Number of protein chains: 2
Amino acid sequence: MHNHKALTIKKLGIDTYRENIIYMRSDCNVCLSEGFTALTRVVVHFGNESIIATLNVVYNELLKHGEAGLSIVAAQRLGVSDGDSIMVSHLQPIASMGLVRSKMYGNELNEAELNQIIYDISTGQYSNIELAAFITATSGNHLSLNEIKGLTSAMVRSGKNLEWNNQLIFDKHCIGGLPGNRTTPIVISIVAAAGLTIPKTSSRAITSPAGTADTMEVMTNVELSIDQMKEVVSKENGCLVWGGSVSLSPADDVLISVEKALDIDSEGQMIASVLSKKKAAGATHVVIDIPVGSTAKVRTKENAYKLISYFEDVADVIGLHVKCVITNGSQPVGKGIGPALEAMDVLSVLRNENNAPEDLKQRALLLAGELLELSENVEKGKGISKAIKILENGSAYKKLISICEAQGRFTEPEFAAFSLDVLAVQSGIVNEIDCRKLAKIAKLSGAPKSHKAGILFHSHLGKQINNGDVLFTIYAEAQGELNYALNYYKTQNNIIRIK
Amino acid sequence: MHNHKALTIKKLGIDTYRENIIYMRSDCNVCLSEGFTALTRVVVHFGNESIIATLNVVYNELLKHGEAGLSIVAAQRLGVSDGDSIMVSHLQPIASMGLVRSKMYGNELNEAELNQIIYDISTGQYSNIELAAFITATSGNHLSLNEIKGLTSAMVRSGKNLEWNNQLIFDKHCIGGLPGNRTTPIVISIVAAAGLTIPKTSSRAITSPAGTADTMEVMTNVELSIDQMKEVVSKENGCLVWGGSVSLSPADDVLISVEKALDIDSEGQMIASVLSKKKAAGATHVVIDIPVGSTAKVRTKENAYKLISYFEDVADVIGLHVKCVITNGSQPVGKGIGPALEAMDVLSVLRNENNAPEDLKQRALLLAGELLELSENVEKGKGISKAIKILENGSAYKKLISICEAQGRFTEPEFAAFSLDVLAVQSGIVNEIDCRKLAKIAKLSGAPKSHKAGILFHSHLGKQINNGDVLFTIYAEAQGELNYALNYYKTQNNIIRIK
């Protein structure tokens with residue numbers, strides 16, 4: 001920390017999402033004496049705190065002499081307000097980027113090296129460009145099993161680790177890729193009602209129209225502190241919160257925001273992301289749902305078996321017991337695709353309504369059954385029947401409402417203001433569904449950022465469709481997004497193939 | 001182009017370097033109706049022009065209702081000023097990013113696919129994150145020979161192609177990695193004086209403290225239009241201009257800015273970058289200087305031979321005749337490292353001064369000799385002696401001055417205001433030099449952005465050094481940068497090893 005000079009913070013109110021930007025005048029004496037120019041990476045100091053930021057240079061009267069601005073996220077992270085005095089200094093070159101470059105050249109990274117990279121990422125030292133390079137260099141099949149193990153351990157180490165009083169802590173995870181597959185709230189409700197401890201932390205969507213945290217946020221608060229989360233679990237055996245708000249794997253949260261921008265979510269990164277979060281959350285026993293289908297994330301059984309063996313090997317290294325379950329990934333699950341629409345499906349199953357989506361119900365029961373059997377309180381083969389009982393007698397529904405209320409509120413999901421029916425232009429049987437393109441329509445309609453946006457799906461495989469029937473309904477919170485989703489649909493063939 | 005509404009441009013004057021940013025109010029009706037949030041990628045329309053930009057949302061009174069701001073580069077590219085009326089619409093997903101993702105998974109891209117990617121990059125459709133992903137996915141040894149051929153052809157196609165009246169057009173290139181190796185201005189002066197047509201376009205530094213364009217800019221104007229460049233060449237046989245200003249390979253210029261941020265410059269990208277620029281500049285015969293040394297870009301002779309065979313194969317596909325020359329890359333060339341300091345070395349050689357750096361002179365003569373022999377006007381083996389004659393009788397110096405004057409000015413280089421001698425702390429013989437770390441010191445001192453910054457090097461291999469002798473002098477245009485360079489030096493061992 002040499003050569004920094006004081007500047008006064010002027011609130012500019014610019015939202016750059018997650019990127020720290022500092023705005024300084026082109027004729028600012030700090031810029032001139034330090035040789036800073038646009039895109040220089042600098043350290044901004046306030047009291048004992050500091051953040052790394054990228055410089056944007058201002059050429060007019062937005063800022064007076066001696067003033068500097070910060071993007072909203074940067075001001076929050078540094079904890080400064082209007083009028084506070086900050087100092088700015090050069091950023092020393094980030095040594096771990098040399099390791100990322102080495103990875104680009106095909107060299108295997110060891111655990112200590114992955115630790116260095118993940119530490120620097122979790123402390124906000126990488127720019128978005130550098131994050132994109134790390135993600136790309138470790139994407140596809142570029143991570144060896146040893147590297148995935150090292151990355152997972154590094155990610156566990158990068159954040160907080162929760163501790164629980166119980167010896168057995170359960171968890172479940174779906175690797176995703178299947179629109180509408182929102183079993184988690186149902187599974188947690190069933191097994192928590194059965195007395196298992198299952199403190200569930202979920203992510204927001206990476207490349208899909210909704211993550212469990214997005215869906216739960218429609219019904220309750222998901223941004224809980226660790227203390228609040230522990231209180232909920234001690235009262236209800238389970239919770240349904242957003243993992244990011246409890247800082248279990250801060251590096252993962254940073255990586256996910258760039259993976260989303262690149263629309264990638266590759267195997268090694270996924271395994272490390274999933275298992276590190278489970279371990280950090282204190283889990284001991286985890287059921288993992290792996291949907292397999294031609295347009296799901298895992299396309300063949302062979303790929304699924306390879307993935308399962310990786311999951312088991314890495315879990316072993318970090319001391320987790322995992323049970324992987326292959327499920328059918330050939331079509332959307334339930335009717336809703338998008339946060340609020342999926343919440344409606346969840347409630348419909350838990351309320352044992354007549355028109356509740358049977359496919360979603362059966363999948364949730366299967367996974368809940370596996371968890372109950374892992375607990376060893378339930379005999380092998382008897383898990384599902386116990387789960388059915390807890391669901392059908394209303395205990396699971398009561399448990400969800402109790403969990404939501406313990407988290408601060410229960411809110412009934414609602415439909416979006418704008419909607420549009422997409423109609424069949426021929427008759428026949430639904431023969432094939434492109435889940436990826438369907439998910440894309442839901443995303444273009446605004447999901448997950450717009451909670452009520454998405455798709456209500458009416459044309460599952462094998463259904464008889466008549467010309468003019470509603471195939472699905474698009475929901476959006478703004479007319480522009482509705483048109484945008486529809487325009488994409490019109491350019492595509494065979495999203496729903498009728499024969 | 002649907003759903004866009006007019007907004008009025010308010011000049012904010014924010015410099016984001018090369019990234020197009022649009023600033024819109026959080027409660028702007030376009031944001032609300034289109035569902036735009038921070039980091040949404042949008043299309044900004046003005047008359048018949050449009051650019052793609054990333055949204056930053058403003059939460060206070062920087063902008064009034066109905067106003068939007070653009071970063072300086074975005075306003076320039078779109079050609080708008082204060083008060084102009086723009087429209088904003090959704091960006092359709094960029095199809096070629098799917099190909100980049102496919103490359104991440106190890107799939108080979110064909111020429112048509114590489115064309116699509118390079119077209120989208122050259123028209124500014126990729127964000128910095130997406131560019132970083134493409135660069136990383138094609139870095140290291142991830143490009144096959146066929147892909148390098150395809151990438152090279154795509155880059156030739158992405159920009160303008162110069163045409164010349166002469167049948168034979170000469171060019172030279174050094175792949176870099178050796179600080180101070182500024183032979184180009186000397187070589188061009190010699191061969192242009194000999195009557196060969198050599199319209200030289202050079203790049204600015206990618207990861208080094210100076211590119212030839214940076215050095216030439218100290219002495220003359222390098223940002224010439226194609227017409228201006230042609231006029232200079234028709235008068236003087238040669239020119240020394242910046243390639244970026246004549247748009248020969250616009251995709252390459254975009255890629256280089258991100259490669260620089262990542263500090264990488266890998267083989268396949270380098271071959272495509274070099275040969276596409278030569279081809280687009282209309283060259284038919286090219287000499288390529290490949291310095292080999294333990295801390296140079298190419299570290300062994302074996303790597304050099306592989307690189308040469310790639311250069312020859314790719315050149316063949318696009319119809320170029322190349323001659324690669326392996327040179328010694330074990331230490332800096334000349335005394336200066338940094339734009340102005342290298343310009344001083346160049347002038348000293350051309351002026352035949354007594355203390356002119358002999359190593360720089362010999363390298364320039366070798367390369368000029370190879371070019372003269374390629375022309376077939378000079379007998380095999382007689383190239384160097386002809387080059388010596390042209391250099392030593394002053395014709396080459398006169399040619400450089402004429403070229404500079406034809407480009408608009410000749411300016412004598414000057415030393416920077418701040419400097420500091422780094423002294424030896426032991427006596428002995430200089431045994432090994434870490435060129436990479438030396439280059440890093442020059443970069444930390446501000447080169448190439450600060451033209452006068454850099455290093456004057458006094459301790460070449462084999463020199464007898466006494467305790468307290470000046471090993472090198474650091475120059476900087478600001479005290480902060482001088483300290484920054486010095487602080488880095490203090491943390492390093494063995495940049496200059498004395499035995």
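What rotation superposes chain A on chain B, and with what shift along its axis? Select both chains: a rotation of 180° with 0.0 Å of shift along its axis superposes chain A on chain B, with an RMSD of 0.1 Å; copies are superposed by least squares on the C-alpha atoms of residues with pLDDT of at least 70 in both. That is the relation of a two-fold axis. The same surface serves both copies, since 98% of the contact residues of chain A recur in chain B.

The model is predicted: local features need pLDDT of at least 70, side-chain atom pairs count only at pLDDT 80 or more, and totals for chains, interfaces and linings use all residues. Residues are numbered from 1 along each chain as its sequence is written, while chains are lettered from A and ligands numbered from 1 in the order in which they are written.

**The interface**

Select next the contact between the chains, which takes 55 residues from chain A and 55 residues from chain B; two residues are in contact if their C-beta atoms, placed from the backbone, lie within 7 Å. On the side of chain A that touches chain B, elements supplying at least two residues each include β2 (14-15), β5 (49-58), α3 (97-104) and α10 (250-262). Helices (H or I, at least four residues) and strands (E, at least two) are DSSP runs, numbered from the N terminus. The most comes from α5(A), with 7 residues. By class, this side of chain A has 25 nonpolar, 22 polar and 8 charged residues; Ala, Val, Leu, Ile, Met, Phe, Trp, Tyr, Cys and Pro count as nonpolar, Asp, Glu, Lys and Arg as charged, and the others, Gly among them, as polar.

Now display residues 128-137 of each chain. The axes of α5(A) and α5(B) come within 8 Å and cross at roughly 40°; axes are lines fitted to C-alpha atoms, for helices over the stretch in contact, and angles run from 0 to 180 degrees between N-to-C directions. The crossing is right-handed, that is, the near helix is turned clockwise from the far one by less than a right angle. Among the residues that meet here are Ile129(A), Ala132(A) and Ala133(A) in α5(A), and Ile129(B), Ala132(B) and Ala133(B) in α5(B). The residues of this contact divide into 8 nonpolar, 4 polar and no charged.

Strands also pair between the chains: β5(A) joins β2(B) in the antiparallel sense over 2 bridges, and two strands pair if DSSP finds at least two bridges between them. Select Val57(A) to find its bridge partner, Asp15(B).

**Within chain A**

Move to α8 (residues 212-219) and α13 (residues 339-350) of chain A, which pack at about 75° with their axes 8 Å apart. That makes α8(A) roughly perpendicular to α13(A) (65 to 115 degrees). Val218(A) and Met219(A) are among the residues of α8(A) in this contact, with Pro339(A) and Ala340(A) among those of α13(A).

Strand β15 (residues 428-433) of chain A runs antiparallel to β17(A), joined by 2 bridges, and Ile429(A) stands opposite Gln464(A). Antiparallel pairing also links β15(A) to β19(A), over 3 bridges; there Ile433(A) has Ile496(A) as its bridge partner.

**A sheet in chain B**

Finally, select the open sheet of 3 strands, with order β8-β11-β12 and parallel pairing. β8 (170-174) and β12 (321-328) stand at the edges, each with a single partner strand, so one side of each is left without a neighbour in the sheet. Between β11(B) and β12(B) there are 8 bridges, and Asp289(B) stands opposite Val325(B).

Note on methods:
Parallel < 35°, antiparallel > 145°, perpendicular 65-115°, else oblique.
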